[in-house]
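Let's walk through this structure together, one contact at a time. Keep the viewer open and follow along.

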Amino acid sequence: MSQPHSVLPPVCRNRRFIIEATTRNRPSFANIHIKLEPGDKIIAEADAMASMSANVQMQTRWSGGVMKAVLKRVFGGESLFVNEFSAPAPAELVLTQPFPGDIESIDLKGNTLFLQPGAFLACEPGVTLGLGWAGMASFVGGEGLFRLKVSGNGRVWFSAYGGIFTREITDEYIVDTGHLVAYEPTINIRVGMAGGIFSSFFGGEGLVTKVRGPGRIYMQSRNFSGLTAWMNAHL
Amino acid sequence: MYGAEEFAGGVFHQSIEGGRATATIELTASGVKAVTSTGQTFEIRYQDCALDVGGASGRMVFLRTMDRRLTIFCEDRRFPKALEMDAGPEFAEQLATVQKSRWREGFQWRMWLAVGTAVCLLCLVGGYYALLWTAKSSIGAIPVSADIQIGKAAFDARTLEGPQVTDRVVVDAVKAMVARLEPHAELKGLTFDVYVVNSSDINAYCLPGGKIVVFTGLLKTAQSAEQVTGVLSHEMSHAIKRHGLRHVMESMGIVVAVELLVGDVGGLVSLAADLGKSAALTSYSRDAETEADVTGVKMLHAAAIDPLELAGFFELLKQQQPEFTAAIQWLSTHPQHDERIATVRGEVAKLPPQEYRGMEIDWEKLQQRLQEIGAE
Ligand SMILES: [Zn+2]
């Protein structure tokens, strides 16, 4: 909540107020269908583009500083580059994620949101992408060394493996590792053991994410380690 | 002064659309006031205020009413100080206590993490040494055929240090020395083959399994057949005590240890072929050298050859060292001869009396033949 309260309301930039974007095929195979007008801009994760009109211009840029981008590539799971899409005439753009699941969009309105590695899909130009240190415990817990901090004004789209559900946390809550997708800055995240040290290491429910509120968290109904385990068992 | 400072923060309350909003935080005389961007105002009186620290950064300050219906939060770094100034020192104490307990929770986790890492590391290191130790101590369980295979691979991989001497007089003399010692080798199953090489180096070596290479330089420098036999007893002892195998295991560590434990000699053989090109199979540790001297002395004694002949050869080398640069060859792989002379003498002193018989070799004829074939 480092944004001052006097943040200007979204300005009317002699064009229509909001880019028209609809999320289709929810929740299993969600994708974002965007109608670009001249002057509109959308920033998306490097691999997110599924299809686009021939006149859409795509520009690749670093998402943040060079060093941070490198670190992010190594530890954070997010792509090194983001693509900036614009069009000189009305055009359409479809963005999607590599895995089956839902896409959620949030209008930040000056607020901040933390995204887990790999969750970021796209945002409007008013949104600032920042990389934050998530801590050693988060890394051990399989959640990555870094987390993406999105702040500013505009919509941000993030993706999940499976469905997305939210929960208002007032006190403490436990999420299995890999299920957390995004959370508000008022949320405190710690990695802990589900049970005692013995049952944690041998009982299958090893490490869990301990979430303390107040605030809202976004979770995905599936997790990737579950998928890989399932695949390994069936190969 | 109240109200002079404003902080960016937020409020949680059910009357707000969506349940939360960003707000400007102000410290008044009676409490903490938050005004949202839509103009809604909330206030918590200091005496009704519970304090907590958390958030994504871990240093966000939360102020709550006792019924937890209203929460005001702020992450501004100046906020805790201002709170202490305006709300009183008991707030600072409360804040410190909360921070400490939060830190302790984190500490507990970090401690488990550190302990876990240390245990894992210890297990790895311990496992490595245990495996190495098992492999080393199980050397007796490895069949002698492994030594022979390794020695053969190494021998085939290396080129002899000079032209091979095939003269019967010379070769038979060395074979006779080896034959005299062979029955007294404490490890059975080795096959001692003799190769004589025309080279001025005063040297000899024995590969794992028993392939012996003797340089004409050694035969020409030694003063008697017994001295040469003494040197051979030392070299054969390296094979008998399996120093080559041990050396490979020590230098190659875990890979070899695992291979040996699962009974796969193939990898080891190819390794020996590589090592054979270097001196790795014929240069040993000081302990191994001492052990070879001691074993050699015992073997000489058992074969009724005076072990002091070996010490005599060391004396000879010591004297001739400045004159013969070639002597350095043997010395580079067999250092510290004063110490070795002492070792040999010490071992001899421990042995029971024995009737020594000389070698039945015509030393004069051997020297003459070496001259004739142009040995260096
Ligand atoms: Zn030696």
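**Salt bridges and helix packing**

R78(B) counts as partly exposed because its relative accessibility is 42%, where buried means under 20% relative accessible area, exposed over 50%, and partly exposed in between, with a 1.4 Å probe and protein chains only. R78(B) and D76(B) form a salt bridge whose closest N and O atoms are 2.9 Å apart; the term stands for a side-chain nitrogen of Lys or Arg within 4 Å of a carboxyl oxygen of Asp or Glu.

Before going further, please keep in mind that this is a predicted model, in which local features need pLDDT of at least 70 and side-chain atom pairs count only at pLDDT 80 or more, while totals for chains, interfaces and linings use all residues. Residues are numbered from 1 along each chain as its sequence is written, chains are lettered from A and ligands numbered from 1 in the order in which they are written, and side-chain values use heavy atoms, with hydrogens and water left out.

Side chains of opposite charge can pair when their charged atoms come close. Over all chains, the structure holds 25 salt bridges. One of them joins D193(B) and K211(B), with 3.3 Å from N to O. Since D193(B) sits in strand β9 (residues 193–197) of chain B and K211(B) in strand β11 (residues 211–215) of chain B, this pair ties together parts that are 18 residues apart in sequence. Here D193(B) is partly exposed, with a relative accessible area of 29%, whereas K211(B) counts as buried at 15% relative accessibility. Salt bridges with shared partners also join E168(A), E184(A), R216(A) and R20(B) into one network.

Now look at chain A. E124(A) forms a salt bridge with R155(A), and their closest N and O atoms are 3.2 Å apart. E124(A) lies in the loop between β10 (120–123) and β11 (127–133) of chain A, R155(A) in strand β13 (residues 155–159) of chain A, so that the pair links distant parts of the chain, 31 residues apart. Are these two residues, E124(A) and R155(A), buried or exposed? Both E124(A) and R155(A) are buried.

Back to chain B, which has 14 helices and 11 strands; helices (H or I, at least four residues) and strands (E, at least two) are DSSP runs, numbered from the N terminus. Of its 376 residues, 50% count as buried.

Two packed helices are described by the angle between their axes and the distance between the axes. Helix α4 (residues 168–181) of chain B packs against helix α6 (residues 225–240) of chain B at an angle of about 60°, with their axes 10 Å apart. Axes are lines fitted to C-alpha atoms, for helices over the stretch in contact, and angles run from 0 to 180 degrees between N-to-C directions. The contact (heavy atoms within 4.5 Å) involves residues including V174(B) and M177(B) of α4(B) and L232(B) and M236(B) of α6(B).

α4(B) also packs with helix α14 (residues 363–372) of chain B, at an angle of about 135° and with their axes 9 Å apart. This contact is made by V169(B), V170(B) and A173(B) of α4(B) and K365(B), L366(B), R369(B) and L370(B) of α14(B).
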